[in-house]
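Have the viewer open while you read.

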Amino acid sequence: ASRPARVAPLSEQAPAWSDLVADGRSSAVLEAALPRLEQVLGTEPAPALLALADAARFQQRFDVSERACEALQARFPGTREAAHARFLQARLAERRG
């Protein structure tokens, strides 16, 4: 019996979300993520969620950035990415005043 082919997460399809953010193409990350945001938040790896949080912040979609940070911390506690997400959340809270 053959196993079904693994479908790469959205964030692993070229170009990678972190690369898009680094290249100033945050809007492309949001275009890929927003139509399936719930799926993205529940299945993408930690680096992708961090890239999404950054991309959303850069595009002033603070609601999406906050949700990505929350998902990252819930799914990947104790990781470097979760620590970075806490830092981003503090910046978002500071911005709100």
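Among contacts in the protein between residues at least 6 apart in sequence, 57% join residues at least 24 apart; contact here means heavy atoms within 4.5 Å. Keep in mind that this is a predicted model, where local features need pLDDT of at least 70 and side-chain atom pairs count only at pLDDT 80 or more, while totals for chains, interfaces and linings use all residues. As for bookkeeping, residues are numbered from 1 along each chain as its sequence is written, and side-chain values use heavy atoms, with hydrogens and water left out.

On confidence, pLDDT is the predictor's own score for each residue, from 0 to 100. The protein averages 88, and 86% of its residues reach 70 or more. Helix H5 (residues 62-75) has the highest confidence at 97, and helix H6 (residues 80-96) the lowest, at a mean of 91.

The fold itself is quick to list: six helices and zero strands, running α-α-α-α-α-α from the N terminus on. Helices (H or I, at least four residues) and strands (E, at least two) are DSSP runs, numbered from the N terminus. Of the 97 residues in the protein, buried ones make up 39%. Buried means under 20% relative accessible area, exposed over 50%, and partly exposed in between, with a 1.4 Å probe and protein chains only.

Now for the helix packing. H5 and H6 pack at an angle of about 150 degrees, and their axes are 9 Å apart. That makes H5 roughly antiparallel to H6. The axes are lines fitted to C-alpha atoms, for helices over the stretch in contact, and angles run from 0 to 180 degrees between N-to-C directions. On that scale, under 35 degrees counts as roughly parallel, over 145 as roughly antiparallel, 65 to 115 as roughly perpendicular and the rest as oblique. H5 passes H6 in a left-handed crossing; left-handed is when the near helix is turned anticlockwise from the far one by less than a right angle, right-handed if clockwise. On the H5 side, the residues that meet H6 include Phe62, Cys69 and Leu72, and the H6 partners include Ala85, Leu88 and Leu92.

A second pair to look at is helix H2 (residues 26-33) with H4, whose axes come within 8 Å and cross at roughly 115 degrees. The crossing of H2 and H4 is left-handed. Ser26, Val29, Leu30 and Ala33 of H2 make the contact with Leu52, Ala55, Ala56 and Phe58 of H4.

On to the charged side chains. How many salt bridges are there? The count comes to four, where a salt bridge is a side-chain nitrogen of Lys or Arg within 4 Å of a carboxyl oxygen of Asp or Glu. Among them are these:

| Salt bridge | N to O distance |
|---|---|
| Arg67 and Glu38 | 2.3 Å |
| Asp54 and Arg57 | 3.5 Å |
| Asp63 and Arg61 | 3.0 Å |

Take the Arg67 and Glu38 salt bridge, at 2.3 Å. Arg67 lies in helix H5 and Glu38 in helix H3 (residues 37-43), so the pair ties together parts that are 29 residues apart in sequence. Arg67 is partly exposed at 34% relative accessible area, and Glu38 is exposed at 53%.

Asp54 and Arg57 sit together in helix H4, three residues apart, about one turn of the helix. Asp54 counts as buried at 14% relative accessibility, and Arg57 counts as buried too, at 18%. Leaving aside residues up to four places away in sequence, Asp54 touches Val21, His84 and Leu88.

In the pair of Asp63 and Arg61, Asp63 is partly exposed at 44% and Arg61 is partly exposed at 32%.

Two more spots are worth a click. Which loop holds Gln60? Gln60 is found in the loop between helix H4 (46-58) and H5. Its phi is near 60 degrees, a positive value in a residue other than glycine, and Gln60 is exposed, with a relative accessible area of 56%.

The other is Ala48, in helix H4. Is Ala48 buried or exposed? Ala48 is buried, with a relative accessible area of 4%. The C-alpha atoms of Ala48 and Leu72 are separated by 9.3 Å, with the two residues 24 apart along the chain.
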